[in-house]
Amino acid sequence: MGNHPAPTVSGPARPPVDHRPTVGWQSGGVSRTPQGQRASLDKQPHEVAAMFDGVAARYDLTNTVLSFGQDRSWRRATRAALGLRPGERVLDVGAGTGVSTEELAHSGAYAVGADLSLGMLHAGKRTRPRVPLLAGDALRLPFADASFDAVTISFALRNVNDTNAALRELARVTRPGGRLVVCEFSTPVNPAFRTVYLSYLMRSLPAVARAVSSNPDAYVYLAESIRAWPDQSALAARIGAAGWGRVAWRNLTGGVVALHRAIRV
Ligand SMILES: C[S@@+](CC[C@H](N)C(=O)[O-])C[C@H]1O[C@@H](n2cnc3c(N)ncnc32)[C@H](O)[C@@H]1O
């Protein structure tokens with residue numbers, strides 16, 4: 001891996017021009033989800049790491065089963081939203097087994113993943129030996145300021161115990177004008193579908209997880225943490241308050257997942 005990004009080097013400052021398409025992206029609006037309701041779900045970093053150590057062995061399979069195979073299209077959409085160009089440097093935070101990092105590398109950009117769970121990283125080293133993965137906490141990333149052209153975090157921001165601090169830390173390692181894409185579970189927009197989905201989350205998902213996962217309890221936490229997570233506009237507001245501009249989001253699978261994108265100001 002000769003093109004590993006030098007932690008102290010940043011590219012020349014470029015103006016924050018965003019050439020990515022705007023169709024299908026929205027911004028603004030009023031949130032329906034009160035903030036601060038996830039206190040009972042807060043876990044310390046060592047507890048989060050231990051939880052993911054416990055699911056690492058079958059993480060990729062469990063993900064694909066529980067999402068009915070949708071996870072692959074969500075990852076492709078994340079890569080597209082980042083607008084990566086060959087030779088750019090992109091950091092994937094909360095990379096886990098590197099499944100999200102591997103997808104980014106298809107763009108020709110240099111993609112590196114960081115994660116807190118050594119179990120997830122070891123599983124990734126076994127299954128994806130060519131994907132550069134390293135240990136790192138989203139709240140104290142082991143990179144110098146402005147090291148990356150783009151940063152992303154997939155299905156992991158919800159697990160970091162200080163969302164706002166993580167968003168600020170992502171901004172720190174991104175060059176001015178660089179891009180952020182957050183891929184995270186969100187709130188389905190259609191009320192009828194939302195009811196069905198929430199029932200799947202709270203009843204069926206833990207049952208399916210018992211059949212396929214190496215640590216089903218982690219999937220009870222998953223369901224509860226998704227339910228308590230801010231909706232699209234509330235998360236957009238948090239991103240905008242953490243050093244990012246031009247925040248917009250796009251719903252995937254009817255809002256089961258949302259991509260939030262922003263530009264480093
Ligand atoms: C649900 S997995 C997502 C993995 C991968 N990004 C994907 O798309 O499948 C969440 C990951 O976030 C990691 N994580 C949680 N808190 C973290 C933190 N503070 N710093 C770095 N990684 C963290 C966990 O260890 C876990 O591997």
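Tutor: Start with Asp149, which is found in strand β4. Keep in mind throughout that this is a predicted model.

Student: Is Asp149 buried or exposed?

Tutor: Buried means under 20% relative accessible area. The value for Asp149 is 4%. Asp149 therefore counts as buried.

Student: Which backbone nitrogen does the side chain of Asp149 reach, and with which side chain does a polar contact join Asp149?

Tutor: The side chain of Asp149 comes to 2.8 Å from the backbone nitrogen of Arg89. A polar contact of 2.9 Å also joins the side chain of Asp149 to that of Arg175. The two names are Arg89 for the backbone nitrogen and, for the side chain, Arg175.

Student: How many residues apart in sequence are the parts that Arg175 and Asp149 tie together?

Tutor: Side chains of opposite charge can pair when their charged atoms come close. Arg175 and Asp149 form a salt bridge, with the closest N and O atoms 2.9 Å apart. Arg175 lies in strand β5 and Asp149 in strand β4, so the pair ties together parts whose separation in sequence is 26 residues.

Student: Which residues do salt bridges with shared partners join into one network along with Arg175?

Tutor: Both Arg175 and Asp149 are buried. Salt bridges that share partners put Arg175 in one network with Arg85, Glu88, Asp149 and Arg179.

Student: How many salt bridges does the structure hold?

Tutor: One of them pairs Arg79 with Glu103, the closest N and O atoms being 2.6 Å apart. That pair links distant parts of the chain, with Arg79 in helix α3 and Glu103 in helix α4, 24 residues apart. The number of salt bridges in the structure is ten.

Student: With which side chain does the side chain of Thr97 make a polar contact?

Tutor: Thr97 is found in the loop between β1 and α4 and is buried, with a relative accessible area of 1%. Beyond four places in sequence, Thr97 touches residues including Tyr59, Asp60, Met120 and Arg128. At 2.8 Å, the side chain that makes a polar contact with that of Thr97 belongs to Asp60.

Student: What is the relative accessible area of Ser154?

Tutor: Ser154 has its place in strand β4. Leaving aside neighbours within four places in sequence, Ser154 is in contact with Thr78, Asp92, Val93, Gly94, Ser100 and Cys183. Ser154 is buried, at a relative accessible area of 9%.

Student: Why do the buried residues of α1 line one face of the helix?

Tutor: The buried residues of helix α1 are Val48, Ala49, Met51, Phe52 and Val55. Seen down the axis of α1, these residues line one face because they fall within an arc of 160°. What covers them includes α2, α5 and α8.

Student: What do the buried residues of α5 pack against?

Tutor: In α5 the buried residues are Met120, Leu121, Ala123 and Gly124. Their arc around the axis is only 160°, which puts them on the same side of α5. They pack against α1, α2, β2 and β3.

Student: How far apart in space are His122 and Asp53, C-alpha to C-alpha?

Tutor: His122 lies in helix α5 and is partly exposed, with a relative accessible area of 49%. His122 and Asp53 are 69 residues apart in sequence. Their C-alpha to C-alpha distance is 9.3 Å.

Note on methods
Residues numbered from 1 in each chain as written. Predicted model: local features only at pLDDT ≥ 70, side-chain atom pairs only at ≥ 80, totals over all residues. Heavy atoms only, no water. Buried < 20%, exposed > 50% of the residue type's maximum accessible area, 1.4 Å probe, protein only. Helix = DSSP H or I, 4+ residues; strand = E, 2+ residues; numbered from the N terminus. Arc of directions from axis to C-beta. Contact = heavy atoms within 4.5 Å. Salt bridge = Lys/Arg side-chain N within 4 Å of Asp/Glu carboxyl O. Polar contact = N/O pair within 3.5 Å; in protein donor to acceptor, adjacent residues only side chain to side chain.
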